[in-house]
Amino acid sequence: MQVGERLSDRLERWLTGDEPKTIGDLIDVFEEKSFAVLFVLLLSIPALPLPTGGVTHVFELIAMLLALELIVGRTTVWLPERWRRREIGVETRQRFDEKLLPRIRWLERHSHAHLGFLLAHRASGVAYGLVTLVLVVTAFVAPPFTGLDTLPSLGVVLISLGVLLEDPLLGIAGLIVGAAGALLVFILGRAAFDAARGLF
C-alpha cells in the first residue's frame, strides 16, 4: 500500500479496479499485510448475517492454513496454486463493498493507533495465529444454519483490523467478541449433544 493510504481506500480501489480478483492477486497487492487483509475478507462472509451458499467452509479452511503459517513464524503468505487461483466472485465483492467497507471506514475514523509497536514482534504474530486458529475452527464446527459462526468470525475480523490499523484496543475487543462466540458454540453445542443422546 502507498504510504499514508487508508486501508478502506486501498481495498475499494482493488475491489473495483480492472486487475484480476483472485486470492493470489490480493496477496501480491497487499504483500506484508496480506495475512490480516485475507483474514478480514475471508471471515467477513460468515461474520455478516447474510446467506453464503456454503462458501464459508472453503474460506475458513484457507484461514486455518494461514493461521498455522503465522504460528510457525512465516512472514509471507503461502497458498497452494489452486487456492491462489480461486476467484473472489462479483457477488462476494459487492458484499464487501456494500457491507464491509463502510464499517472499516467507521473504524478508521474512530480508531487510534495505540502501542502499535507491540504487534511487530514475532511473539505477537504467533499469538495472533493461535487465537485466529481457535476462533476459525470454532466457526467451522458451529452447527450449520444456526448463525453461531457469526461471533467467532467477527472476532477474527476485529482482531485483524486491529492489526491493520495498529490498534491493540480494537484487537482486544475482537478477542472478547470471539471468546463470547466460542463459549456460545460450546454451550449450545453441548446442550444439543446431550439432547440427542437423551433420545437413545
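At 0% relative accessibility, phenylalanine 39 counts as buried. The model in which this residue sits is a predicted one, and its protein chain comprises nine helices and zero strands. Along the sequence the elements follow the pattern α-α-α-α-α-α-α-α-α. Of the 200 residues in the protein chain, 44% are buried. Among the contacts between residues at least 6 apart in sequence, 70% join residues at least 24 apart.

Phenylalanine 39 belongs to helix α3 and tyrosine 128 to helix α7 (residues 122-141), so the pair ties together parts that are 89 residues apart in sequence. Tyrosine 128 has 11% relative accessibility and therefore counts as buried, as does phenylalanine 39 at 0%.

Helix α3 also packs against another helix. Two packed helices are described by the angle between their axes and the distance between the axes. For α3 (residues 34-47) and α8 (residues 150-164), the axes come within 8 Å and cross at roughly 155 degrees. Because angles over 145 degrees count as roughly antiparallel, α3 is roughly antiparallel to α8. The crossing in which α3 passes α8 is left-handed. From α3, the residues in this contact are Ala36, Val37, Phe39, Val40, Leu43, Ser44, Pro46 and Ala47, and they meet Thr150, Ser153, Leu154, Val156, Val157, Ser160, Leu161, Val163 and Leu164 of α8. By class, the residues of the contact of α3 with α8 divide into 13 nonpolar, four polar and no charged.

Glutamate 60 is located in helix α4 (residues 56-71) and is buried, with a relative accessible area of 0%. Leaving aside neighbours within four places in sequence, glutamate 60 is in contact with Leu43, Pro46, Val136, Ala139, Phe140, Asp149 and Ser153. Aspartate 149, another partner of glutamate 60, lies in the loop between α7 and α8. With a relative accessible area of 17%, aspartate 149 is buried. Not counting residues up to four places away in sequence, aspartate 149 touches Pro46, Glu60, Ala139 and Ala142. Pro46 and Ala139 are therefore listed as partners of aspartate 149 and of glutamate 60.

The axes of α1 (residues 7-16) and α6 (residues 90-110) come within 9 Å and cross at roughly 165 degrees. That angle makes α1 roughly antiparallel to α6, and the crossing is left-handed. On the α1 side are Leu7, Ser8, Asp9, Leu11, Glu12 and Leu15, which meet Arg93, Phe96, Asp97, Leu101, Ile104, Arg105 and Glu108 in α6. By class, this contact has six nonpolar, one polar and six charged residues, whereas the contact of α3 with α8 has no charged residues.

Arginine 6 is found in the segment before α1. Its relative accessible area is 38%, which means that arginine 6 is partly exposed. Arginine 6 touches Arg105 and Glu108, not counting residues up to four places away in sequence. Arginine 6 and arginine 105 are 99 residues apart in sequence, yet 8.8 Å apart in space from C-alpha to C-alpha.

Glutamate 166 is found in the loop between α8 and α9 (168-197). Although glutamate 166 is not a glycine, it has a positive phi of about 55 degrees. The residue is partly exposed, with a relative accessible area of 41%. Alanine 180, placed in helix α9, is also partly exposed, with a relative accessible area of 40%. Alanine 180 and proline 152 are 28 residues apart in sequence, and their C-alpha atoms are 7.8 Å apart in space.

Conventions:
Residues are numbered from 1 along each chain as its sequence is written. This is a predicted model: local features need pLDDT of at least 70, side-chain atom pairs count only at pLDDT 80 or more; totals for chains, interfaces and linings use all residues. Side-chain values use heavy atoms; hydrogens and water are left out. Axes are lines fitted to C-alpha atoms, for helices over the stretch in contact, and angles run from 0 to 180 degrees between N-to-C directions. Helices (H or I, at least four residues) and strands (E, at least two) are DSSP runs, numbered from the N terminus. Angles under 35 degrees count as roughly parallel, over 145 as roughly antiparallel, 65 to 115 as roughly perpendicular and the rest as oblique. A crossing is left-handed if the near helix is turned anticlockwise from the far one by less than a right angle, and right-handed if clockwise. Contact means heavy atoms within 4.5 Å. Ala, Val, Leu, Ile, Met, Phe, Trp, Tyr, Cys and Pro count as nonpolar, Asp, Glu, Lys and Arg as charged, and the others, Gly among them, as polar. Buried means under 20% relative accessible area, exposed over 50%, partly exposed in between (1.4 Å probe, protein chains only).
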